[in-house]
Amino acid sequence: MNVERLLRENIKTIKAYSSARDEYKDASSDMVFIDANENPFQTNVNRYPDPQQSYVKERLAEIKDVTTTQILLGNGSDEVLDLIFRAFCEPKQDNVITLPPTYGMYSVLADLNAVEIKRVLLDESFEPKVSEILATQNDNSKILFLCSPNNPTANSFNTNKVEQLLRDFKGIVVIDEAYIDFSNQESWISRLNDFPNLIVTQTLSKAYGLAGIRLGICFASEYIISVLNKIKPPYNVNQLTQNRALERLNSLDEVNLEVKSILKEREQLITQLSDISFINTIYRSDANFVLVKVDDANKRYSQLIEKGVVVRNRTTQPLCENCLRFTIGTVEENKILIKTLNQL
Ligand SMILES: *Cc1c(COP(=O)(O)O)cnc(C)c1O
């Protein structure tokens, strides 16, 4: 597959902004930095951040077993996804394929970039309908978004189906793995070298417990990363975020313990939810949330709010009629959820 052919015309020849800190980033050396119009007085953040986030990438490369040239970082996955749209989709001409019910940002970003969305619903087991997706694509279908584990349904997609799509879809396949750390499936990162059109996105917002610092991660071929690097804002990941991310990536034991605890709580919560009379279905979860079907989602949602418990009402999403989504909280929070549900 020729990925360059998929790029927008203007992106093929675009020149990146060359920032002062692209050339020298080691501000701790003896050199005099009077190149970037910064205030020279020390605040710890008076200098522009490393535009390539080298330290964070080096650590991530180690953890994920990729090269640093296969990584791009962004201000949350949201920025990463937006960059992918801008690299590949010609406004008012190209289209992308999404598989509802799924993460809302794909369609928000498509609208923002004036890119048409073709929607192919998941099947009744929340799996991709492979042949329908392939039949829907045309020459202008640039990106297929696969969210696995999927939000809000919580399941991971069947591996064979994903592989078939990677092989047969003629555009870029983005696999959004925001919840991969809660899943027992292997990340598709390990297949980057097999599929030049594969982009895997992850984030520090969920398992890593850093939603507040906004760090999204994109793994792809060196070629795709080089293109995204050219079009990203030069200082898109701020210094405080880089510092905090690195700290956390050096405390993986802590992260793993938290994930373990969340998974244990998930099992417990699922058992307890099965005793609630107005919950009709509990869908299998490979993430840090569960989707349940209740008798009347709007009613239960309001009742829960009244008692101070905020959940996500997904009833307006296709295939999610009367569905509520519960994030796995702390032991205490989960107790409150169960106690409150029992009171309704
Ligand atoms: C939460 C979530 C993200 C995370 O987005 P950030 O911008 O990195 O916080 C990405 N994808 C999906 C499907 C999510 O649910």
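## Largest cavity

The largest cavity has a volume of about 30 Å³ in this predicted model. Searching the whole structure turns up 1 cavity of 30 Å³ or more.

Its lining comprises Ser148, Pro149, Ser156, Glu177, Ile180, Ser183, Gln185, Glu186 and Trp188. By type, the lining of the largest cavity splits into 3 nonpolar, 4 polar and 2 charged residues.

## Second largest pocket

The second largest pocket holds about 400 Å³ of space. It is lined by 20 residues. Nearest its centre lie Thr102, Tyr103, Gly104, Asn151 and Arg314. The lining of this pocket counts 7 nonpolar, 8 polar and 5 charged residues.

Where does the second largest pocket lie relative to domain 1 (3–250) and domain 2 (253–343)? Both domains give residues to its lining, so the pocket lies between them. Two elements, α5 (105–112) and β11 (323–327), each supply at least two residues of that lining.

## Nonpolar cores

The largest nonpolar core has 51 residues. Leu99, Leu144 and Leu146 have the most contacts inside it. Domain 1 (3–250) and domain 2 (253–343) each contribute at least three residues to this core. A second, separate core has 32 residues, among them Leu7, Phe85, Ile143 and Ile231.

What does Leu99 touch, leaving aside residues up to four places away in sequence? Its partners are Val120, Leu122, Pro128, Ile133, Leu144, Phe145, Leu146 and Phe157.

Definitions and conventions. Residues are numbered from 1 along each chain as its sequence is written. This is a predicted model: local features need pLDDT of at least 70, side-chain atom pairs count only at pLDDT 80 or more; totals for chains, interfaces and linings use all residues. Side-chain values use heavy atoms; hydrogens and water are left out. On a 1 Å grid over the protein atoms alone, a cavity is a set of points where a 1.4 Å probe fits but cannot get out, and a pocket is an open set with protein on both sides within 12 Å along at least five of seven lines; lining residues have an atom within 4 Å of a point. Grid points are joined across faces, edges and corners, and a volume is the space filled by probe spheres set on the points. Helices (H or I, at least four residues) and strands (E, at least two) are DSSP runs, numbered from the N terminus. Ala, Val, Leu, Ile, Met, Phe, Trp, Tyr, Cys and Pro count as nonpolar, Asp, Glu, Lys and Arg as charged, and the others, Gly among them, as polar. Domain bounds come from an automatic or database domain assignment. A nonpolar core is a set of buried Ala, Val, Leu, Ile, Met, Phe, Trp, Tyr and Cys residues joined through side-chain atoms within 4.5 Å. Buried means under 20% relative accessible area, exposed over 50%, partly exposed in between (1.4 Å probe, protein chains only). Contact means heavy atoms within 4.5 Å.
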